[in-house]
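Notebook open, model loaded. I want to go through rings, core and charges in turn.

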Amino acid sequence: MPTTDRRTRRTRGLLRDALVSLVLERGYANVTVEDITERADLGRATFYSHYPDKDALLRHVVTELQEDLDERLRPLVPASEVGFTGKPALELFRHARENRDLYLLILRGEGDGRALRQFTDARTDAVRAVFTSRADHHEVTPRIDLGVLARAWVGEQLAVLRWWLETDPAPMSAEEATGMLQNLSLRGRYWANGFEGDPPDPAPTGPESP
């Protein structure tokens, strides 16, 4: 790797680590570029040679995390497009455990929720693509809009993931948590609540007929 590339990666790594640690300590709104450069032991000019402001730094940090996660999930996609393996959810939890502070920054909605929206939208797009390929492979017609289905699945994962990361010690292993999520996905809340057989027909939600 060229020396300039190594220097850039090192500098951006220092800025990332400074941003994450400061935000978890003070909250995003209370962190300034000067705070970040002081924590990273870098000059303000160095910061501005890489990013125009702290929002750009945050976007870049989240994008890098997404790209790293995508790289780890890529080998699992072909099997997931055919069946329900549960492996992508488990890999997400493992990735979050290795990058705990950054995930907490995102999942807590720091930065007016921009980082969370960026991460959620990217995961939803990826999951929807998998759901679409799976439906095509099995020649089935989804009963629920796949955009809604993908967003609900991602939302469930991220809600449980935040709870799992914030609880010390962890309430269960990553395998146990994602196994429960997979069972919920495959069998539904009716089964998860302990009921047997087919669920009753849903009550009407529209206005009553006269």
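Before anything else, the burial cut-off I'm using: a residue is buried when its relative accessible area is under 20%, exposed when that is over 50%, and partly exposed in between. Also noting for myself that this is a predicted model.

**Rings**

I looked up F119 to begin with. Its relative accessible area is 1%, so it goes down as buried. I then checked Y103, which is buried too, at 0%.

How are the rings of Y103 and F119 set against each other? Their centres are 5.6 Å apart and the planes make 80 degrees, so I logged the pair as edge-to-face. Y103 sits in helix α7 (residues 100-107) and F119 in helix α8 (residues 114-138), so this pair ties together parts 16 residues apart in sequence.

F47 is buried at 0% relative accessibility, whereas Y48 is partly exposed at 40%. I also found that F47, Y48 and Y51 make up one aromatic cluster.

Next I looked for charges over ring faces. K54 lies over the face of Y28, 4.1 Å from the ring centre. R134 does likewise over F84, at 4.0 Å from the ring centre.

**Core**

Which residues have the most contacts inside the largest nonpolar core? I got I36, Y103, F119 and L161, in a core of 49 residues. The helices that each supply at least two residues of this core include α1 (3-26), α4 (54-73), α9 (146-166) and α10 (174-192).

Y103 turned up again, and I listed its contacts, leaving aside neighbours within four places in sequence. They are L65, L69, L92, H95, A96, F119, L161 and L165.

**Charges**

Side chains of opposite charge can pair when their charged atoms come close. I ran the search over the whole structure and it returned 16 salt bridges.

I picked E156 and R189, whose closest N and O atoms are 2.3 Å apart. E156 is in helix α9 and R189 in helix α10, 33 residues apart, and I noted this as a link between distant parts of the chain. Is each partner buried or exposed? E156 is buried at 18%, while R189 is exposed at 53%.

Then I took E175 and R94, which meet in a salt bridge at 3.2 Å, N to O. E175 lies in helix α10 and R94 in helix α6, so the pair ties together parts 81 residues apart in sequence. I have both as partly exposed: E175 at 40% and R94 at 28%.

I also logged R74 with E71, a salt bridge with 2.5 Å between the closest N and O atoms. R74 is partly exposed, at 48%.

Last stop was E98, in helix α6. Its relative accessible area is 53%, so I count E98 as exposed. The side chain of E98 makes a polar contact with the side chain of R72, at 2.6 Å.

What links R72, E91, R94, E98 and E175? I found a network of salt bridges running through these residues.

Definitions and conventions. Residues numbered from 1 in each chain as written. Predicted model: local features only at pLDDT ≥ 70, side-chain atom pairs only at ≥ 80, totals over all residues. Heavy atoms only, no water. Buried < 20%, exposed > 50% of the residue type's maximum accessible area, 1.4 Å probe, protein only. Phe/Tyr/Trp six-rings, centres within 6.5 Å; stacked < 30°, edge-to-face > 60°. Helix = DSSP H or I, 4+ residues; strand = E, 2+ residues; numbered from the N terminus. Lys NZ or Arg CZ within 6 Å of the ring centre and 35° of its normal. Core = buried A, V, L, I, M, F, W, Y, C linked by side-chain atoms within 4.5 Å. Contact = heavy atoms within 4.5 Å. Polar contact = N/O pair within 3.5 Å; in protein donor to acceptor, adjacent residues only side chain to side chain. Salt bridge = Lys/Arg side-chain N within 4 Å of Asp/Glu carboxyl O.
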